[in-house]
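Here is a short briefing to read alongside the model. It starts at the ligand and then moves on to charge pairs and backbone geometry.

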Amino acid sequence: MGLGYSLLVRPMLALMDSEKAHTRALLGLRAVSFTVFGRMLLRVLYRPRQLESKCLEMDFRNPLGLAAGMDKKAEVMHGWETLGFGFMEIGGVTEHEQVGNPKPRMFRSAKHEALINRMGFNNSGSEKMALRLSKAKKPGVPLFLNVGKSKITSLEDAHLDYAKTVELCANYVDGIVINVSSPNTPNLRDLQKDEDLARIIESVQVHSGNKPVLVKIAPDLDDMQIKSVVDTARGLGCAGVVATNTTVERPDESSVMLETGGLSGKPLRNRSTQVIRLIADHTNGEWPIIGVGGISTAEDAWEKIINGASLIQIYSSLVFQGASVIKAIVNGLDKRLKAAGLDSLEQAIGLARRE
Ligand SMILES: Cc1cc2nc3c(=O)[nH]c(=O)nc-3n(C[C@H](O)[C@H](O)[C@H](O)COP(=O)(O)O)c2cc1C
């Protein structure tokens, strides 16, 4: 079906509007993973090997997770688990339901294997998310919730918006990711500044029930700003960082690249790895980093891990390569580990820093 996907589904999706294709792919996965037979088929076709690790005081069957934004409403959680992801991040969710930016707002560049999106946190709001999670069977792999700020909430009241979502939803998830790094909500990234970030973290911690709280960081900050976000978050007891969100930088001026929004996929890969390395060096490898940005092969994943990431996530490569990318990355990582003569993933984390 990896081949089937390449031959049939991908070319079909390429003809469709990006957001429609995304919605249909999710509906398809939900339908297939709804039945026992469908789940069995997905497992046979896509499940990668076990590549166990421990992080954030949780057990992971493999280090590859689904990045935020793919399953904003937590509609396909068992589908992602069946496909073989080691964990998933649902959302972004905001306190208030919102429609997001006008369409079209998601664009593909096949040439760059990149996406540009300016979705603007379209989501059904924290109340509906909490209701959905309360009724759903929790997946058997760690579940993180990505939390953003509603557009109608002022920057001064941002902490209350984040806190409300966490208050309603924390019970149903294993960890919280504070997203102050999306480029698509006006001035959201200003909240990465020390006092604002501190206020948000402290308000979220009141309701997080001792579940790990992480901060997701933008790749467009300079080194000083990145260190400052890290110091603030770590100083307040955050469990780690997700590096990185999408970038407003562009690789060139081709037509798709002129669209405003956040760029993800291959052109983000090196910058994201640089940010991971900077954080790992700054924290002496003692603070968990979830590495995300432009991973499309096992080698990309390996690069992120040896530069300091304990876990990794993908979004764009799933769009371009289909579900077979999960197995290719996890099995490839396992091989890479053995080729390096290592017994466990933990030994590979930050290896390039120690050489
Ligand atoms: C359409 C789209 C929507 C996204 N929505 C969110 C979001 O709600 N919250 C968030 O923190 N990141 C969001 N992201 C960013 C991804 O989680 C990830 O950080 C980024 O795409 C880089 O990974 P990739 O290169 O593997 O795609 C979104 C990305 C895309 C393409």
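A backbone N or O atom of glycine 265 lies 2.8 Å from an oxygen atom of the ligand, a polar contact in the sense of a pair of N or O atoms within 3.5 Å. Taken alone, the ligand exposes 610 Å², and the protein buries 98% of that (areas by the Shrake-Rupley method with a 1.4 Å probe). Please keep in mind that this is a predicted model, where local features need pLDDT of at least 70, side-chain atom pairs count only at pLDDT 80 or more, and totals for chains, interfaces and linings use all residues. Residues are numbered from 1 along each chain as its sequence is written, and side-chain values use heavy atoms, with hydrogens and water left out.

**Around the ligand**

- The ligand is surrounded by 25 residues, and the closest are Ala68, Asn146, Gly265, Gly294 and Ser316; a residue counts if one of its heavy atoms lies within 4 Å.
- This shell divides into 10 nonpolar, 13 polar and two charged residues, with Gly counted among the polar ones.
- Strands β6 (114-117) and β11 (262-265) each supply at least two residues of the shell; strands are DSSP runs of E with at least two residues, and helices are runs of H or I with at least four.
- The side chain of asparagine 245 has an N or O atom 3.4 Å from a ligand oxygen.
- A polar backbone atom of glycine 92 is 3.1 Å from an oxygen atom of the ligand.
- The ligand sits in the largest cavity, a cavity being a set of points on a 1 Å grid over the protein atoms alone where a 1.4 Å probe fits but cannot get out; sitting there requires more than half of the ligand's atoms within 2 Å of its grid points.

**Salt bridges**

- The structure holds 17 salt bridges, each a side-chain nitrogen of Lys or Arg within 4 Å of a carboxyl oxygen of Asp or Glu.
- One of them joins glutamate 75 and arginine 30, at 3.9 Å from N to O.
- That pair links distant parts of the chain, 45 residues apart: glutamate 75 is in the loop between β3 (64-66) and α4 (77-83), and arginine 30 is in helix α2 (residues 18-34).

**Backbone geometry**

- Most residues other than glycine have a negative phi, and most peptide bonds are trans.
- Glycine 91 and glycine 92 are joined by a cis peptide bond with omega about 10°, and glycine 92 belongs to strand β4 (residues 87-93).
- Another cis peptide bond joins lysine 103 and proline 104, with omega about -5°; proline 104 is in the loop between β4 and β5 (106-109).
- Glutamate 57, in the loop between β1 (53-55) and β2 (58-60), has a positive phi of about 60° although it is not a glycine.

Notes:
A polar contact is a pair of N or O atoms within 3.5 Å; within protein, one must be able to donate a hydrogen and the other to accept it, and residues adjacent in sequence count only if both atoms are side-chain atoms. On a 1 Å grid over the protein atoms alone, a cavity is a set of points where a 1.4 Å probe fits but cannot get out, and a pocket is an open set with protein on both sides within 12 Å along at least five of seven lines; lining residues have an atom within 4 Å of a point.
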